[in-house]
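Hello,

Here is the structure I promised to pass on. Please open it first, then read my notes below.

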Amino acid sequence: MRITICENKIELGQQAASLGRHCIKSSIEKLGRANVAFVTGTSQIEMLTALRSKELQWDKVNVFLLDEFVGLPDGHKASSETFLKENFLNYIPNIGSFHPISRKADSKATLAEMNALMKDYPLDVVFICIGENGHLAFNDPPADFDARDPYIQVELERRSKRQQVGEGWFSTIDEVPNKAITMSVFEILTARHIICACPDQRKAKAVAACIFDDISPNTPAASIRRRTECALYLDRQSSCLVFDDFRMK
C-alpha cells in the first residue's frame, strides 16, 4: 500500500482521479474494457468531480456500486445510485454500462443477480474510502472476512448509521435502514487497482487504525494493506495521526 498526503481535499481528489484515469486507461488498453466500482458519500465529491472531466474511452467502462441500502425509495438522496448519477454518471452520457444494486426488500434475488453478473466482470479498478468506524464499503466491524461471494447482505452497525446522519443523508439514526448490500472485503481485494480517497479529520482515527492496527474483522479497512497495488490518499486533516501512532499519547 502506498500513502500520499495531500495539502487539502481538492488536491487529494485531483491526485486520486489522475491515478484512477491512468489505471482505467491501462485496463482499456490491455483488455479492451475497464470494470470499475465506486464508493459513494461526501468524501468522494472532489475525486468524482475531477475524474468526470478526464478524457477517457468512457464507452468501454462498466460501472458498479460498492454498496446500497435495502428498502430506500427511488431517488432518495442517500441512495448510492442517486449519488453516483448526480455527481458522476450524469456528466458522462456515453458510459459503457452501469449496474446499480436493486434496493428492493427481496435482497436474496438481488444478491443472486449481482453475484452471477460479477462472474463476467472481474474488477479492474475500485474506488474506496474508510468509514468513521473503520468499515470498508458497508463491511462494518466485525466484518465477514470469510465471505467469498462478490456481494453480501449486512446489518448496519450503529456508528455506521451515525456517520450517515452526520453527513446529512438522514435526519435521525432511526431513519437509516438496518440492512444494506455491500461488496465483500474479499471481492474488493480482488481488484487489480485499489484507490482509496479519504479526506477529513472525522476519518483520522479510522485511518490510523487502518495503518497501525492488526488486520482483523474488527478493523476491516486495514485489509487493504495486503495489496501492493493500493493507493491511499489522505489530506492534512485525515492524516493528522499517521506520522506516529498518537492515539494513545
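Where does Asp200 lie? Asp200 is in the loop between strand 9 (193-198) and helix 7 (204-212). Keep in mind that this is a predicted model.

Backbone first. Most residues other than glycine have a negative phi, and most peptide bonds are trans. Asp200 has a positive phi, near 90°. Asp200 counts as buried, at 13% relative accessibility. Ala137 also has a positive phi, near 55°. Ala137 sits in the loop between strand 6 and strand 7 and is buried, with a relative accessible area of 4%. Pro142 belongs to the loop between strand 6 and strand 7. A cis peptide bond joins Pro141 to Pro142, with omega about -10°.

Now the rings. The whole structure holds 7 aromatic pairs. One of them is Phe69 with Phe138, a tilted pair: 5.2 Å centre to centre, 50° between the planes. Phe69 is in strand 4 (residues 67-69), and Phe138 is in the loop between strand 6 (125-128) and strand 7 (151-155). They are 69 residues apart. Both Phe69 and Phe138 are buried.

Phe83 and Trp169 pair edge-to-face, at 5.8 Å centre to centre and 85° between the planes. Phe83 lies in helix 3 (residues 80-87) and Trp169 in the loop between helix 5 (158-166) and strand 8 (179-183), so this pair ties together parts 86 residues apart in sequence. Phe83 and Trp169 are buried.

Two more items. Phe38, Trp58, Phe88 and Phe127 are linked into a cluster by ring pairs. The charged end of Arg52 sits over the ring of Tyr91, 3.6 Å from its centre.

Best wishes

Definitions and conventions
Residues are numbered from 1 along each chain as its sequence is written. This is a predicted model: local features need pLDDT of at least 70, side-chain atom pairs count only at pLDDT 80 or more; totals for chains, interfaces and linings use all residues. Side-chain values use heavy atoms; hydrogens and water are left out. Rings of Phe, Tyr and Trp (its six-membered ring) pair if their centres lie within 6.5 Å; planes under 30 degrees apart count as stacked, over 60 as edge-to-face and the rest as tilted. Helices (H or I, at least four residues) and strands (E, at least two) are DSSP runs, numbered from the N terminus. Buried means under 20% relative accessible area, exposed over 50%, partly exposed in between (1.4 Å probe, protein chains only). A charge sits over a ring if NZ of Lys or CZ of Arg is within 6 Å of the ring centre and within 35 degrees of the ring normal.
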